[in-house]
Amino acid sequence: MKKKVLILGSTGSIGTSTVDIMKTFPDHFEVTGLSAHSNDELLVKQAKELGCNNLILTGKEESTYKEIKTFTYERLTDFIRENKADIVVNGIAGSRGLEPSAAAIESGKDLALANKETLVMAGPLIRDLADKKGVKLLPVDSEHSALFYLLENRNPAHVEELILTASGGAFRDLKKEELCNVSLEDALKHPTWSMGQKITIDSASMANKGLEVIEACMLFHIPVHRIKVLIHPQSYVHSLIRTKDQAMYAQISSPDMRLPIQNALFFPDQEPVQSSFLDLAGKSLTFSEPDEEKYPMLKLAFKAAERGGSYPIAYNAANEVAVAAFLQREIQFMDIPLLTEKVLSVDWSHSCGSLSEVIKTDGEARTISHELIKEL
Ligand code: NDP
Ligand code: MG
């Protein structure tokens with residue numbers, strides 16, 4: 001029987017890779033729904049290619065395409081609950097991905113999770129919900145997918161450290177002083193991955209790795225002092241673990257998001273990923289410690305994770321507001337950590353006991369961020 005798949009954010013970078021996998025394996029998967037925010041043209045094209053007539057567009061109230069019947073973000077969670085999918089791929093960008101993740105789990109669907117904000121904002125709530133509903137939470141973020149497989153069937157007591165690798169982003173060859181004058185265009189040039197704009201900026205500031213450190217704490221239930229980050233410019237090693245005996249185990253593959261997406265969709269089975277074969281002969285793999293001064297967003301993420309409570313929510317909200325402003329050319333690149341640090345100086349020690357509290361706290365952190373931006 002075919003596995004039924006609902007793709008959220010189908011028009012984005014994760015979404016289009018997922019659509020690609022659906023087209024590669026038509027005998028294994030049936031697409032039961034697609035969501036997009038603004039790109040109705042691509043949404044309708046994908047729907048035709050996949051033979052899917054269940055579409056939602058969340059960023060417009062109407063469209064010239066008659067195939068799209070459902071609109072607005074408010075309808076999205078019902079759309080997810082009513083869908084007959086076995087598994088939902090969440091490729092929505094940013095904090096707007098949280099409620100769709102919860103709706104997928106609440107309605108008993110497995111979740112292939114690319115949207116890292118879900119776990120950063122509400123890790124314990126989402127994990128508890130998944131346990132309660134008996135659904136699988138399958139990481140799609142490449143580092144977490146790597147760790148998921150490295151940790152599978154391993155005694156947790158033997159695992160000492162998780163090591164996340166980072167490409168170092170667009171500015172890895174620049175000095176700290178040079179970062180003050182970088183342009184938006186430069187920040188959008190990622191050396192190894194082709195991704196959405198927000199995550200590309202986050203890679204340049206290493207806020208992306210910061211979010212991933214928090215995501216790893218939440219997903220694998222591990223304290224942040226047992227997580228380390230190494231810069232690995234080639235992006236072949238996606239993560240490592242160090243075990244008690246001081247051995248290290250690595251997951252190595254081409255930098256191709258189809259691998260973690262496809263593995264999540266086929267889990268617990270595996271199929272070859274087209275054109276992802278990596279020949280290590282002649283390749284050099286290098287690793288270095290990230291410079292904390294050059295990448296303050298990474299240091300701030302470790303602090304937010306250590307402090308716990310709602311600090312991760314505030315970190316994510318401040319960064320999202322700052323990156324949106326940077327994309328609008330309203331602030332400079334190094335204002336992103338400046339703003340985030342200021343927002344984190346507020347007391348965010350309270351823990352949120354429900355999703356609505358998380359969303360309220362996120363809103364508060366955004367309001368403060370917007371006010372602080374005016375003062376920059
Ligand atoms: P993109 O910006 O490429 O795509 C985002 C998708 O979400 C699009 O389909 C977009 O619709 C939709 N969307 C945007 N805003 C909203 C909203 N407010 N409500 C509902 N849908 C919305 O992002 P990526 O694919 O790069 O990233 C998606 C998520 O996956 C992020 O959380 C990212 O951190 C994570 N991730 C991405 C990786 C990658 O390789 N790209 C790797 C690991 C994790 P439309 O285009 O129609 O406007
Ligand atoms: Mg990643």
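User: What does E161 form with R242, and how far apart are the closest N and O atoms?

Analyst: Side chains of opposite charge can pair when their charged atoms come close. Here E161 and R242 form a salt bridge, with 3.0 Å between the closest N and O atoms. The term requires a side-chain nitrogen of Lys or Arg within 4 Å of a carboxyl oxygen of Asp or Glu. The pair links distant parts of the chain, 81 residues apart: E161 is in strand β8 (residues 159-166) and R242 in strand β10 (residues 237-243). Helices (H or I, at least four residues) and strands (E, at least two) are DSSP runs numbered from the N terminus.

The model is predicted: local features need pLDDT of at least 70, side-chain atom pairs count only at pLDDT 80 or more, and totals for chains, interfaces and linings use all residues. Residues are numbered from 1 along each chain as its sequence is written, chains are lettered from A and ligands numbered from 1 in the order in which they are written, and side-chain values use heavy atoms, leaving out hydrogens and water.

User: Are E161 and R242 buried or exposed?

Analyst: Both E161 and R242 are buried. Buried means under 20% relative accessible area, exposed over 50%, and partly exposed in between (1.4 Å probe, protein chains only).

User: Which residue forms a salt bridge with R329?

Analyst: E185 does, with the closest N and O atoms 2.5 Å apart. This pair also links distant parts of the chain, 144 residues apart: R329 sits in the loop between α12 (311-327) and α13 (335-344), E185 in helix α7 (residues 184-187). R329 counts as exposed at 55% relative accessibility. E185 is partly exposed, at 39%.

User: Where do K360 and E364 lie?

Analyst: Both are in helix α14 (residues 355-375), 4 residues apart, about one turn of the helix. K360 is exposed at 56% relative accessible area, and E364 is partly exposed at 34%.

User: How many salt bridges does a search of the whole structure find?

Analyst: The search finds 22. Through shared partners, salt bridges join K116, D141, E143, K209 and E212 into one network.

User: Why is helix α6 (residues 142-151) described as largely enclosed?

Analyst: Count its buried residues: 9 of the 10 are buried, so the rest of the structure largely encloses α6. Among them are E143, H144, F148 and L151. The cover over the buried residues includes β7 (137-139), β8, α9 (207-220), β10, β11 (248-252) and α10 (258-266). After α6 comes N153, with a positive phi near 60 degrees.

User: In what sense do β10 and β11 pair?

Analyst: Strands of a sheet pair through backbone hydrogen bonds, either parallel or antiparallel. β10 and β11 are antiparallel, over 5 bridges; pairing requires that DSSP finds at least two bridges between two strands. I241 stands opposite Y249 in β11. The two strands form a hairpin with 4 residues between them, and Q246 in the turn has a positive phi of about 75 degrees.

User: What is the strand order in the open sheet of 7 strands?

Analyst: The order is β4-β3-β2-β1-β5-β6-β7, with parallel pairing. β4 (70-71) and β7 each have a single partner strand, so one side of each lacks a neighbour in the sheet. Within the sheet, β2 (residues 29-36) and β3 (residues 55-57) pair in the parallel sense over 3 bridges. L34 stands opposite L55 in β3.

Terms used:
Contact = heavy atoms within 4.5 Å.
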